Amino acid sequence: MGAESDRRNFLLGGGSLAAGFAAGGAIAQEKKEDPHAGHGTPASDRGKLTPGFRKAGDPPVPVETPDAPKLKWEMKNGAKEFHLHAQAMKREFLPDQWFDVWGYNGSMPGPMIEVVEGDKVRIVVHNELPEPTIMHWHGIDVPNVMDGVEGMIQDPIPPGGSFTYEFTLEQNGTFFYHTHIAMQQGMGMVGLFVVHPKAAHFPPVDRDIALIIQEWAILPGSTIHNTMSMEFNLFTLNGRAAPYVTPLVIKQGERVRIRLVNFSAIDHHPMHLHGMQFWVTGTEGGRIPETAWIPGNNVLVAVAQSRDIEFVAKNPGDWVFHCHMFHHMMNFMSSMAGPMASHTKGMPAGAPMGPSMGMITRGPALNPEFGAALGRGTGENTGTDRAVGNGPQPGQPGMPAMPGMPDGQPKGGGHEGHGGPAKPVPGFPQSMGGMEMYTPAQIKRLSKPETRGMRNGWFEGVEGLMTVVRVLPPDLYDKVVSGKGEVAPGASVPGATPGKASGGHEGHDAPKKDSSPKKDEHEGHKKQ
Ligand SMILES: [Cu+2]
């Protein structure tokens, strides 16, 4: 076996050679630290096994569902009995913006079912909708007859009817319940179903938070989601769009678990946490063995998946946790509004918002004009012979100036008031800076107990599929949670200024002394 021993010698030689370098030395040193020896925090392990303030063996902490309720139960005949009422309702995604959705027990998403492994549950589903429905227990190993597939397993529940599901939970993890009728899912018929282990997983977490991601296509002027759409312009976490999503207020040093469920129609969402590293510790199949946890700060949650992440909240500050798809970092993302659009007719090579959301306005659906669109919803000014274009083309008029918004046609020198360029810049504008996003009354509604101490104007950068993880030193945490004591704006961002006080003009790049609402909306344009 001369060849084999040669190879061994080569590897050994390589190893001792590497050890001579600084990097090799560091690797050798790291090997001596056994992360299992104690629960200290070797910098290299990114808090993998670092507990927070709770001890091993403590019972699991209850799961928090910001902006959504939990479902109550009663013990009856040896089972936890729940009642879910399928209903149509309105939901306020953003301050004063109510949309027609379907959900359960007055909530969309439906209230969370929270139980413990080994529990027997009885869940009575009452149908208060005008059409049949059904219920499926996603990811839960139920007996076949409880699986809720219409026709194949059971007759759908008629309007006014009910059906009793009963099963015993023999697993733990982040699951969900939802109707199995496709388009009803799009209307919002889903809820969290969390099953705790009998003893908390190690290391125990101090905070356990669950969020459902959903996406919506709601055209301007409408309150009803188009379930046929494959293009989306609103995104919610537990039924609210940022910045109306309630921030997660965490005490520095706590170990936090966030359970994410993606109940979107067709989009995955890469959820990115600023400021800290986390470990992916669970999927829709339950807990991942510790040896297979993956470190990161961005976890891709695909459709119908769940992902549990855990981290030690060691870095104080206000950190966004958001989907990183650019189009999902905005509300009402739309090519029919905004300076990039111009009001020219016809755009068959890239459908505008209406057709791309499935609204056929002329001709048969198979008309070549409705053929493959290049860049769904972004094809303003395009045509079959001119496939690319956004904004005014040579020989075409630009968009008329809109209040509070820079003109679509960049011109030299005219936009200093909005921080615009003195010379034309291809692609300008992109930021929407200068747009009036919220009225003072709406800003008041965005200000919740959980936002105390955030900078004035914090909501400017918090849009779309996004929430805020606030890691607060213990004294500040106590003040924010209790609502007592003075907390200055910006107190939670170490080293920051308090930000400009709200006058309804946070979006303007150039600060103005007179910030009375409405008056100076067009100031930047008057100079032209
Ligand atoms: Cu996304």
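Among contacts in the chain between residues at least 6 apart in sequence, 73% join residues at least 24 apart; two residues are in contact if their C-beta atoms, placed from the backbone, lie within 7 Å. The structure is a predicted model, in which local features need pLDDT of at least 70 and side-chain atom pairs count only at pLDDT 80 or more, while totals for chains, interfaces and linings use all residues. Residues are numbered from 1 along each chain as its sequence is written. The chain contains seven helices and 21 strands, where helices (H or I, at least four residues) and strands (E, at least two) are DSSP runs numbered from the N terminus. Of its 528 residues, 38% are buried. A residue is buried if 20 or more other C-beta atoms lie within 10 Å of its own, exposed if 12 or fewer, and partly exposed in between, with C-beta atoms placed from the backbone.

- β12 and β21 run parallel and are joined by four bridges.
- Within this pair, leucine 248 has valine 469 of β21 as its bridge partner, and lysine 251 stands opposite leucine 472 in β21.

**Helix α6**

- Helix α6 spans residues 474-482, and Leu476, Tyr477 and Val480 in this helix are buried.
- These residues lie on the same side of α6 because they cover an arc of only 100° around the axis; the arc is that of the directions from the helix axis to the C-beta atoms.
- Pro474, Asp475 and Ser482 are exposed on the other side of α6.
- The cover over the buried residues of α6 includes β12 (248-251) and β21 (466-472).
- Glycine 483 follows α6 and has a positive phi, near 75°.

**The four-stranded sheet**

- A further open sheet has four strands in the order β4-β9-β8-β6, with mixed pairing.
- Its edges are β4 (110-116) and β6 (136-138); each has a single partner strand, so one side of each is left without a neighbour in the sheet.
- In this sheet the twist averages 25° from one strand to the next.
- Strand β9 (residues 190-196) pairs with β4 in the parallel sense over five bridges, and isoleucine 113 stands opposite phenylalanine 193 in β9.

**The nonpolar core**

- The largest nonpolar core has 86 residues, and those with the most contacts inside it are Phe176, Leu192, Phe193, Leu211, Ile213, Ile250 and Val469.
- Such a core is a set of buried Ala, Val, Leu, Ile, Met, Phe, Trp, Tyr and Cys residues joined through C-beta atoms within 7 Å.
- Strand β10 (residues 207-216) gives the most to this core, contributing six residues.
- Not counting residues up to four places away in sequence, isoleucine 213 touches residues including Leu237, Leu260, Val301 and Leu465.

**Loops and backbone features**

- The peptide bond from phenylalanine 202 to proline 203 is cis, with omega near -5°, and proline 203 is found in the loop between β9 and β10.
- Alanine 242 and proline 243 are likewise joined by a cis peptide bond, with omega about 10°; proline 243 lies in the loop between β11 (234-237) and β12.
- Aspartate 67, in the loop between α2 (22-32) and β1 (74-76), has a positive phi of about 70° although it is not a glycine.
- Alanine 304, in the loop between β18 and β19 (306-312), also has a positive phi, near 70°; it counts as partly exposed because it has 15 C-beta neighbours inside 10 Å.
- Glycine 253 is located in the loop between β12 and β13 (255-262), and its C-alpha atom is separated by 9.2 Å from that of proline 316, 63 residues apart along the chain.

Definitions and conventions
Pairing = 2+ DSSP bridges. Axes fitted to C-alpha atoms, helices over the stretch in contact; angles between N-to-C directions.
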